[in-house]
Amino acid sequence: MYFFSDSEERREKFQRYLSEMAAAVNRYQQEHDAFVVILGMEKLDEEACLRFEHLVDGPHSVYHSKDHNVFQMTGLLRQLSMLVTSRYHAAVLSMKRAIPLVAISMDSRLDGVIGETELADHYLLRVDDADLGRRITASLRLADDNTQEIRETIRRHQAINEQKVSEMSQFFASWLKQHFS
């Protein structure tokens, strides 16, 4: 079961998170003449996307799962040259194409998936970090300077994970055969 709470403090923290992320994205966009794509991976993201869009200064587009199916959203995500996300599924889906990313965690699943790739020291931030905008900007600049290294690291860990999944599938199939044949 999920619980939702609302308070003035939570609303202020949410606005700070959006403002800090937008400030970093705006700086990066100006420095690199980048086009920003805002992706709402699930229904819960709609308000955040709307509010974030109003904070983005330069050219951008918004795509939301309410208007696009999972295949279209995944296709869009995998065309990005870099990703800033606080969503676990966006991170996981982008990793299949080794998209360099900066993760802003509010979810232990995101901590785990980024931690497994050995990218956490430079590319995993916390939503309540002091100087979040400055840290996002620094991580984006570092990712821009190390794109190939990040891609290679993600690919190496993807191969390891695919091997683990294959081994688990083989084990499970063997177990099912042993117990239900």
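Helices here are DSSP runs of H or I with at least four residues, numbered from the N terminus. With that in hand, α1 gives 11 residues to the lining of the largest pocket, the largest share. Keep in mind that this is a predicted model.

Now the pocket itself. Its volume is about 1900 Å³. There are 49 lining residues, and the closest to the centre are Phe 14, Tyr 17, Ala 48, Ser 86 and Met 106. Besides α1, the elements that give two or more residues to the lining are β1, at 36–40, α2, at 46–53, and β3, at 83–85. What is the make-up of the lining by class? It has 29 nonpolar, 7 polar and 13 charged residues.

Next, the core. In soluble globular proteins, nonpolar side chains tend to be buried together. In this model the largest nonpolar core has 42 residues. Met 21, Phe 52, Leu 101, Ile 114 and Ile 136 have the most contacts inside it. Helix α1, residues 8–32, supplies 7 residues of this core, the largest share. Take Leu 101 as one case: apart from neighbours within four places in sequence, Leu 101 is in contact with Leu 83, Thr 85, Ala 91, Met 95, Ile 114, Tyr 123 and Ile 154.

On to α2. Ala 48, Cys 49 and Phe 52 are buried in this helix. Seen down the helix axis, the buried residues of α2 fall within an arc of 100 degrees, so they line one face.

Asp 129 sits in the loop between β5, at 124–126, and α7, at 132–145. Is Asp 129 buried or exposed? Its relative accessible area is 14%, and the cut-off for buried is under 20%, so Asp 129 counts as buried. Leaving aside neighbours within four places in sequence, Asp 129 is in contact with Arg 16 and Arg 135.

Lys 43 is in the loop between β1 and α2. Lys 43 has 68% relative accessibility and counts as exposed, because the cut-off for exposed is over 50%. With neighbours within four places in sequence set aside, Lys 43 is in contact with His 64 and Ser 65. From Lys 43 to Gly 115 the C-alpha to C-alpha distance is 27 Å, and the two are 72 residues apart in sequence.

Terms used:
Residues are numbered from 1 along each chain as its sequence is written. This is a predicted model: local features need pLDDT of at least 70, side-chain atom pairs count only at pLDDT 80 or more; totals for chains, interfaces and linings use all residues. Side-chain values use heavy atoms; hydrogens and water are left out. A nonpolar core is a set of buried Ala, Val, Leu, Ile, Met, Phe, Trp, Tyr and Cys residues joined through side-chain atoms within 4.5 Å. Buried means under 20% relative accessible area, exposed over 50%, partly exposed in between (1.4 Å probe, protein chains only). Contact means heavy atoms within 4.5 Å. On a 1 Å grid over the protein atoms alone, a cavity is a set of points where a 1.4 Å probe fits but cannot get out, and a pocket is an open set with protein on both sides within 12 Å along at least five of seven lines; lining residues have an atom within 4 Å of a point. Grid points are joined across faces, edges and corners, and a volume is the space filled by probe spheres set on the points. Ala, Val, Leu, Ile, Met, Phe, Trp, Tyr, Cys and Pro count as nonpolar, Asp, Glu, Lys and Arg as charged, and the others, Gly among them, as polar. The arc is that of the directions from the helix axis to the C-beta atoms.
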